[in-house]
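Here is a short briefing on packing and salt bridges. Please load the sequence and the coordinates, then read on.

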Amino acid sequence: MTIRIMVADDHVLFLEALAEALDRVEDFDVVGAACESGELLPTAQRVSPSVLVVGGGMSGPGGLCRVAELTRRVPSCGITLIVVEPTRSHVTRAVEAGVLGIVPKQAKLPNLIGAIRGVAAGCVTVDPCLLNAPGPGNRCLNDREVEILRLTATGASIKEIAQELYLASGTVRNLTSAAIRKLQGRNRFDAARIALERGWL
């Protein structure tokens, strides 16, 4: 039986390479692709895939919200998630969102193919290495830095964060700078994005 596959990722080059690689598998048929999270649901409704493969670029919290919506609206479509930097909390949230298959981005193609086949059969397929993924307790950020990055992710300014947390603006800036250094981010918003992707917020 041919497995109808849809692929999604916000990195077009990766998306095209993934679609081409999967389409070469004998029992796979790539029927659709989405390069923006907003395209997930309408594309899935149009092409009716058996399995949706979501790349690492869409595997963060925002992408998981879209996935959860898709599993409600297109229940016949199983989800396989490619995770960039998995943590136990991220894996747990993914499963709660309705994801059946989870593989790390470092996995080889046969591992992904096996996960897709498992998902198509309705089985939960999680790469064994993810079962030992670090938990939130292993994060390098302290609680204050997490609070600040969580508010940063909402678009809050330094002044608004300071008011929300009853801190001086200078203290917020110092804690933000520390978090940026620890995560090797380009700026505070990039640091918030990295922390979100790691499941630390």
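Which residues of H2 are buried? They are Leu40, Leu41, Thr43, Ala44 and Val47, where buried means under 20% relative accessible area, exposed over 50%, and partly exposed in between (1.4 Å probe, protein chains only). These residues sit on the same side of H2, because they cover an arc of only 165° around the axis, taken from the directions from the helix axis to the C-beta atoms.

This is a predicted model: local features need pLDDT of at least 70, side-chain atom pairs count only at pLDDT 80 or more, and totals for chains, interfaces and linings use all residues. Residues are numbered from 1 along each chain as its sequence is written, and side-chain values use heavy atoms, with hydrogens and water left out.

- Helices (H or I, at least four residues) and strands (E, at least two) are DSSP runs, numbered from the N terminus.
- Just after H2, Ser48 has a positive phi of about 50°.
- The largest nonpolar core has 22 residues. Such a core is a set of buried Ala, Val, Leu, Ile, Met, Phe, Trp, Tyr and Cys residues joined through side-chain atoms within 4.5 Å.
- Leu40, Leu52, Leu70 and Ile79 touch the most other members of this core.
- At least two core residues come from each of these elements: strand E1 (3-8), helix H2 (40-47), strand E3 (51-54), helix H3 (61-73), strand E4 (78-83) and helix H4 (88-96).
- H2 gives the most, with four residues.

**Contacts of Ile79**

- Contact means heavy atoms within 4.5 Å.
- Not counting residues up to four places away in sequence, Ile79 touches Leu52, Val54, Val67, Leu70, Thr71, Gly98, Val99, Leu100, Gly101 and Val119.

**Glu145 in helix H6**

- Glu145 lies in helix H6 (residues 143-152).
- Glu145 counts as buried because its relative accessibility is 2%.
- Leaving aside neighbours within four places in sequence, Glu145 is in contact with Cys140, Leu175, Ala178, Ala179 and Lys182.
- Ile180 is 35 residues from Glu145 in sequence, and the two are 9.6 Å apart in space, C-alpha to C-alpha.

**Salt bridges**

- A salt bridge is a side-chain nitrogen of Lys or Arg within 4 Å of a carboxyl oxygen of Asp or Glu. By this rule there are seven salt bridges.
- Glu145 and Lys182 meet in one of them, at 2.9 Å, N to O. This pair links distant parts of the chain, with Glu145 in helix H6 and Lys182 in helix H8 (residues 169-183), 37 residues apart.
- Lys182 is partly exposed, at 37% relative accessible area, whereas Glu145 is buried at 2%.
- Glu147 forms a salt bridge with Arg144, and their closest N and O atoms are 2.9 Å apart. Both lie in helix H6, three residues apart, about one turn of the helix.
- Glu147 is partly exposed at 29%, and Arg144 is partly exposed at 34%.
- Asp190 bridges to Arg193, with the closest N and O atoms 2.7 Å apart. Asp190 and Arg193 are separated by about one helical turn, because they are three residues apart in helix H9 (residues 188-197).
- Asp190 is buried at 6%, whereas Arg193 is partly exposed at 36%. Salt bridges that share partners join Arg186, Asp190 and Arg193 into one network.
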